[in-house]
Amino acid sequence: MLRALEDNVRRLRRRVEASIAGIPQPAAARALSWIRANHLPGGGIRVESGHRYAYPEVTGYLVPTLLAYGDEELASQLAEWLVCIQRPDGSFTDPDQGRSYAFDTGQVLCGLLSASDTIAGAEEAARRAADYLVATTIDEGRGGFPREYAGSDCPEAVHLYVLPPLLRAAARFDCTRYRDVAHRCAEYYLGQRDCLRLDDLTHFLAYQLEALIDLGYADRARDALAALAAMQREDGAVRGTGGTAGTDWVCTPGLAQLAICWYKLDMAEPADRAMSWLERHQESDGGFRGSYGRGARYKAGVEVSWAPKFFLDAHLLRVAAFFARHAQDFPGDVGAGDGRLAAIAGRVRPGDRVLEVGCGKGRFLKALTSTMRDATYFGVDPAPALLGAVPAGITTALGTLENIPHPDRALDVVVAVEAIEHSVAPMRAVSEMLRVTAPGGWVVIIDKHRGAWGRMICPPWERWPDAAEMSERLRLDCDDVSSVSVSFDGHPASDGLMMAWSGRKRSRLSGAQWNDVLITPQLQHIHADEIRFNDFSEWGRTVVLQTQPGDRVLEIGSGTGKISLQLAQAGRDVTCFDASADSLAFTNRCAARVDLAVATVCGDATRALPFASGSFDCVWSSGLLEHFTTEERRAMLREWARVCRGQLISLVPNAASIAYRVGKMAQERDGVWPYGLETPLLSLRDDYEAAGLKVLREFSVGAMHSLNFLGDRSLKRALGAIFRRLSRAQLQDWNQGYLLVTIGAVPRARP
């Protein structure tokens, strides 16, 4: 009765908060915020609130947690810090005395292994950490690790928690010694009197319980977890220490760890109660004090960094358990007239590769296969019980919105139906969907929207996306963004609960599209006057100054051809090469208007050029390479170098230009960016060298022009005033030019 009353009070409170003060963040999102806020400038995660230094142990086992939530950026920073602080013997130290501990090293090993594929040095650091652990054991593990906690209330059996990372290292490095030592250590600690003592602090006890489950000794842990579940109070609390008589206070990280263990053994009821208790006791900043209650004596006055870690791990298991428990309640079919299905089907074309993330039983994919058989379908979901019901012919994989098990740019349509609402980091989930979508492909998100919050009773972690925020996020990477209300489960679109957002991932413009963007009815007259009366852009002058009268010059991706015409007027023998016949025709009309002669050739800059090797003294391009991948750029540069006997000049948007970057982001957010997929670059040096070119100079030009991208007039005026006070040399030092100029030389063949 009391529990039911508390549940009703919580539901009412959520509705009141939604209607009066806005919808609060879910507890897991606040826990993630606490971790980010306690990432120290010197590296690592703070030990506890108010502590000066970072905790290597906690930082280590936070890395896989952050990766599970899709926060690769912070996880990478933490892993890099760990690589930097490893001691020569492979160990890691505690934050108070600077002493090396096997337990701490084991937890850092966990993080290093998770980052080994992405962080330089992480794999070697992981190997050294594993070597240290094995070397410190007594008799190759038969006597466990040396006693490190004598005289404290921490049992030596917590070293069991070192062994799962050591086994993962054994698999990673195919090392039988690591594996054998880990198993011997497990048997040693299981035989010790201090193993699995129910009177111990739940934090220390749960380390042992989770380790035993992960090591394959679940039966040894089950009885203790059942006993602890029997001790659990109705409100979800478990005493922090002291046996069945116990105490009134609760060890916060210990309770979160017990929830993890209960979920892993399919004991969801006590785990759910524990999570509810933790959510009620979470601090306003997202952290947790070490303990709560009368007489609390475990870090009661500070928020400890390991409590959010275990809460976050437990939350992922809670969501998975929820879907497994309710698998039979989820429908396997969708009506042919459902608006959600129509919103997806309208984006699918024959031959498309279609992925639904959070696909459940695959009912939307199943419906699509019946009407669009020529497409290939994939489903991703975190619940095996649901994936098992997906129809044959649909390729499935375990995964989450934050970690989609597909490569970059691999899919044509990526869909999430009522899945974003379960994500702790919805905007990061959208980014992950965009990552796996090919340029020109569609992202479709269907969900309830925040404006309708309160109409349904939801799990405590569920939050509905804000309609405007979702559209704004899609516009950063997509064109043709739309949002509409859709019908669902017999409810009409006018019901207003369900919305469909869609966007076409930004791609390179075609030649015809560039022609539409660049060429206006008045432009021919404007260009003719600018050429006739010597109106030179700063970057145009840069190209002219690198050439001589009589030089044969090739512009690749010539667009309107204005600078090439100015080169021709300055006595260069110019060839314009472009994919758009209309653009080349425009160039020829401008040339005729100012009585200049240029050669024009239509073709694809990504393929072999129709020119003999060494045909030109200078080959250059402006505003082209930034639309291609690294591999594509390097292949193009190699081919361009083939037809060049002198200098190769590339001009691309400068990633260091603040005005350009801010203006571009604002235009993308507002849905008015006209130039398609465009990736500014900090340097082309590596690309040039990979193409066999020697870089002579690299600098930026057009600082004042970069201000034209800004819509914020006050910012534009402020930056303009600063730029005008700087000398040309100072502007170069600041590297605020809109365009990055890279000048390279084609090496001469040896005689």
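Trainee: What makes the contact between the side chains of Glu-279 and Arg-318 a salt bridge?
Mentor: A salt bridge is a side-chain nitrogen of Lys or Arg within 4 Å of a carboxyl oxygen of Asp or Glu, and for Glu-279 and Arg-318 the N to O distance is 2.8 Å, so the pair meets the definition. This is a predicted model, in which local features need pLDDT of at least 70 and side-chain atom pairs count only at pLDDT 80 or more, whereas totals for chains, interfaces and linings use all residues. Residues are numbered from 1 along each chain as its sequence is written, and side-chain values use heavy atoms, with hydrogens and water left out.

Trainee: Why is Glu-279 called buried?
Mentor: Buried means under 20% relative accessible area, exposed over 50%, and partly exposed in between, with a 1.4 Å probe and protein chains only. Glu-279 has a relative accessible area of 19%, so it counts as buried, and Arg-318, at 4%, counts as buried too.

Trainee: What can be said of Asp-687 and Arg-634?
Mentor: Their side chains meet in a salt bridge of 2.7 Å, N to O. Asp-687 is in helix α26 (residues 685–690) and Arg-634 in helix α24 (residues 630–642), so this pair ties together parts that are 53 residues apart in sequence. Asp-687 is buried, with a relative accessible area of 3%, whereas Arg-634, at 26%, is partly exposed.

Trainee: How many salt bridges does the rule give, and which residues are linked in a network?
Mentor: The count comes to 45 salt bridges, and a network of them links Asp-338, Arg-340, Arg-363, Glu-418, Glu-421, Lys-448 and Asp-489.

Trainee: Why is the aromatic pair of Phe-103 and Tyr-161 called stacked?
Mentor: Rings of Phe, Tyr and Trp (its six-membered ring) pair if their centres lie within 6.5 Å, and planes under 30 degrees apart count as stacked, over 60 as edge-to-face and the rest as tilted. The structure holds 23 aromatic pairs. For Phe-103 and Tyr-161 the values are 6.4 Å centre to centre and 20° between the planes, and the pair is stacked. Phe-103 lies in helix α5 (residues 102–114) and Tyr-161 in the loop between α6 and α7, so the pair connects parts 58 residues apart in sequence. Phe-103 and Tyr-161 are both buried.

Trainee: What makes the charged end of Arg-347 one that sits over the ring of Trp-442?
Mentor: A charge sits over a ring if NZ of Lys or CZ of Arg is within 6 Å of the ring centre and within 35 degrees of the ring normal. The charged end of Arg-347 sits over the ring of Trp-442 at 3.8 Å from its centre, and that of Lys-664 sits over the ring of Trp-673 at 5.4 Å.

Trainee: How do you know that the span of helix α8 agrees with its number of residues?
Mentor: The expected span of a helix is 1.5 Å times one less than its number of residues. For the 15 residues of α8 (residues 176–190) this should give 21 Å, and the end C-alpha atoms are 21 Å apart, which agrees.

Trainee: Which residues of α8 are buried?
Mentor: The buried residues of α8 are Tyr-178, Val-181, Ala-182, Cys-185, Ala-186, Tyr-189 and Leu-190. They cover an arc of only 165° around the axis, which puts them on the same side of α8; the arc is that of the directions from the helix axis to the C-beta atoms.

Notes
Helix = DSSP H or I, 4+ residues; strand = E, 2+ residues; numbered from the N terminus.
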